[in-house]
Amino acid sequence: MKTEEIYNTWKEQKKQIEVSKSFSGKVMNRIYQYERNKCKSLFNAQSLIELMSAHTLAKAGLILTGGVVGFIRVVFVVTMVLE
Amino acid sequence: MTHETEIIRQVLEGDIESFRLLLARYEKPVVRMIRNITYDKESCEDIAQDVFLAAYKKLASFDRARSSFSTWLFTIARNKSINALKKKRPLSMSELPEKSNPHNPSDDMAKREFYDQLDKTLEALPSRQRRAFVLAEFEKLSYAEIAQIEGVRLGTIKSRINRAKKKLRTALEEFGGDVV
């Protein structure tokens, strides 16, 4: 057997792997667990951060809200000073 | 892949069970990639679980205009593998098995020695070279896809793969062969 054949056989061996039959079940269990926890703590800070980081619209909404609140505050302060 | 896009849409609309279809399609390549990068037979499936859970959590941020789903998923797997490797002591070249005299790899024992030598050499490669080699040679990804996963230029990937092949060739030559 030539070394080229050995090299190719080695590569083929490296491709042959068995994934345990319970693998996808374990992943799905973790996903369902994650969903249950998400429902439980929908309004905690961590889930809010995850929601914000995953959705572009949510991020844009947060920035816009921050901007509007900031603007209102500036207007309020200026009004107070002028009065 | 339109079908894949449809599955992702279903998952995002709340059909969690559809994620099983993505799992069925990618569990083997992802586990194999992690195993060949981390060389950790015991925990490669645990790391792969983390990869799929992370993919599920971030699915809404997947943008098919930027990359294919497989490239996106392999990028998560690559990052998790790197994190796992940081916790593991790297194997240095000096830990490679004793160099034996050149011999004819005709019997099973000799072949086993060749495979072991190649395994050890692959494991001792710098992580970047090993990742590029594994993605190209075992997962059959294009150089462009690997460059996207690694976040480097195409030429860098070509160079890493060539260096990895050269080291494997050298390892084989030391065992009496010369062809990779």
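**Reading the interface and its salt bridges**

Q: How many salt bridges does the rule find across the interface of chain B and chain A?

A: Side chains of opposite charge can pair when their charged atoms come close. The rule asks for a side-chain nitrogen of Lys or Arg within 4 Å of a carboxyl oxygen of Asp or Glu, and across the interface of chain B and chain A it finds 3 salt bridges. One of them joins E137(B) to K11(A), with the closest N and O atoms 2.5 Å apart. This is a predicted model, in which local features need pLDDT of at least 70 and side-chain atom pairs count only at pLDDT 80 or more, while totals for chains, interfaces and linings use all residues. Side-chain values use heavy atoms, with hydrogens and water left out, residues are numbered from 1 along each chain as its sequence is written, and chains are lettered from A and ligands numbered from 1 in the order in which they are written.

Q: How many residues does each chain bring to the contact?

A: Counting contact as heavy atoms within 4.5 Å, chain B gives 41 residues and chain A gives 28 residues. Between them the chains bury about 3500 Å², 66% of it on carbon and sulfur atoms; buried area here is the accessible area (1.4 Å probe) that two parts lose on being put together, summed over both.

Q: Which residues touch the most other members of the largest nonpolar core?

A: In soluble globular proteins, nonpolar side chains tend to be buried together. A nonpolar core is a set of buried Ala, Val, Leu, Ile, Met, Phe, Trp, Tyr and Cys residues joined through side-chain atoms within 4.5 Å, where buried means under 20% relative accessible area, exposed over 50%, and partly exposed in between (1.4 Å probe, protein chains only). The largest such core has 63 residues, of which W10(A), F19(B), V30(B), F52(B) and F69(B) touch the most other members. Among the residues that W10(A) touches are Y115(B), L122(B), F133(B) and L168(B).

Conventions
Lists of a residue's contacts leave out its neighbours within four places in sequence.
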